Amino acid sequence: MDDMTGLELSPRKIEYIKYLFEKGDNVRTTEISAHMEVDPSTITKAINELASSGYVNHVPYRGFSLTEKGEEYAHFLLRRHRILSLMLNHYGLTAEESCAEVARFEAYVSKKAINTICDSMGHPTFGVCGRIEHDSCNLKHNHHEPHEG
Ligand SMILES: [Zn+2]
Ligand SMILES: [Zn+2]
């Protein structure tokens with residue numbers, strides 16, 4: 001997924017991916033529906049779209065889970081959320097305010113921008129709402145560069 005821009009999914013679909021990532025395997029439509037307070041038929045439609053784009057597996061009678069591509073995307077989504085909320089927190093918002101503000105616009109910030117911000121922040125390990133993993137940023141390309149530290 002090196003060609004991923006980070007702008008592939010709508011805010012709503014991002015919520016589905018994050019939820020499936022948290023819940024693990026065999027998540028049922030009814031669970032998603034209760035969590036999101038959305039009609040099950042709306043969920044089914046969105047999840048089917050995610051399945052046809054390769055993010056989600058559907059095992060009949062068992063439920064939904066993320067594919068490898070979906071999991072990789074989920075890691076990026078968490079990093080994007082945490083980098084952006086850390087940034088707002090740094091400029092004076094509380095942790096809760098930062099998370100809430102970021103949730104409203106995170107879907108529209110590209111992976112390229114996040115990688116640049118991540119790099120300029122020094123790839124922080126702790127965000128305001130959890131650990132930040134850097135597997136999905138370009139960190140591996142920087143290991144051999146001498147200007148580190
Ligand atoms: Zn947060
Ligand atoms: Zn990073």
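**Exercise 1. Find how much area is buried between domain 1 and domain 2 in this predicted model, and which residues of domain 1 give up the most.**

Step 1. Start with the total: about 870 Å² is buried between the two domains. Carbon and sulfur atoms supply 79% of this area.

Step 2. Now look at the side of domain 1. Ile-14, Lys-18 and Phe-21 lose the most area to domain 2. Together these three residues make up 56% of what that side buries.

Step 3. Domain 1 covers 11-66, and domain 2 covers 71-131. The contact draws on 7 residues from domain 1 and 11 residues from domain 2. Taken over C-alpha atoms, the domain centres are 23 Å apart.

**Exercise 2. Work out which salt bridge crosses the interface, and describe the side of domain 1 around it.**

Step 1. Count first: the rule finds 1 salt bridge across the interface of domain 1 and domain 2.

Step 2. Next, look at Lys-18 and Glu-106, which form a salt bridge with their closest N and O atoms 2.8 Å apart. A salt bridge requires a distance within 4 Å, and Lys-18 lies in the range of domain 1 while Glu-106 lies in that of domain 2, so this pair is the one that crosses.

Step 3. Ask where the touching residues come from. Helix H1 (residues 11-23) gives the largest share of this side of domain 1, with 5 residues.

Step 4. Sort that side by class: 6 residues are nonpolar, none is polar and 1 is charged.

**Exercise 3. Identify the parts of the chain that the salt bridge of Lys-13 links.**

Step 1. The whole structure holds 5 salt bridges. One of them joins Lys-13 to Glu-49, with the closest N and O atoms 2.6 Å apart.

Step 2. Lys-13 sits in helix H1 and Glu-49 in helix H3 (residues 40-52). The two are 36 residues apart, so the pair links distant parts of the chain.

**Exercise 4. Check whether the span of helix H4 agrees with its number of residues.**

Step 1. Helix H4 (residues 68-90) has 23 residues.

Step 2. Finally, see what follows H4: Gly-92, with a positive phi near 110°.

Note on methods:
Residues are numbered from 1 along each chain as its sequence is written. Chains are lettered from A and ligands numbered from 1 in the order in which they are written. This is a predicted model: local features need pLDDT of at least 70, side-chain atom pairs count only at pLDDT 80 or more; totals for chains, interfaces and linings use all residues. Side-chain values use heavy atoms; hydrogens and water are left out. Helices (H or I, at least four residues) and strands (E, at least two) are DSSP runs, numbered from the N terminus. The expected span of a helix is 1.5 Å times one less than its number of residues. Domain bounds come from an automatic or database domain assignment. Contact means heavy atoms within 4.5 Å. Buried area is the accessible area (1.4 Å probe) that two parts lose on being put together, summed over both. A salt bridge is a side-chain nitrogen of Lys or Arg within 4 Å of a carboxyl oxygen of Asp or Glu. Ala, Val, Leu, Ile, Met, Phe, Trp, Tyr, Cys and Pro count as nonpolar, Asp, Glu, Lys and Arg as charged, and the others, Gly among them, as polar.
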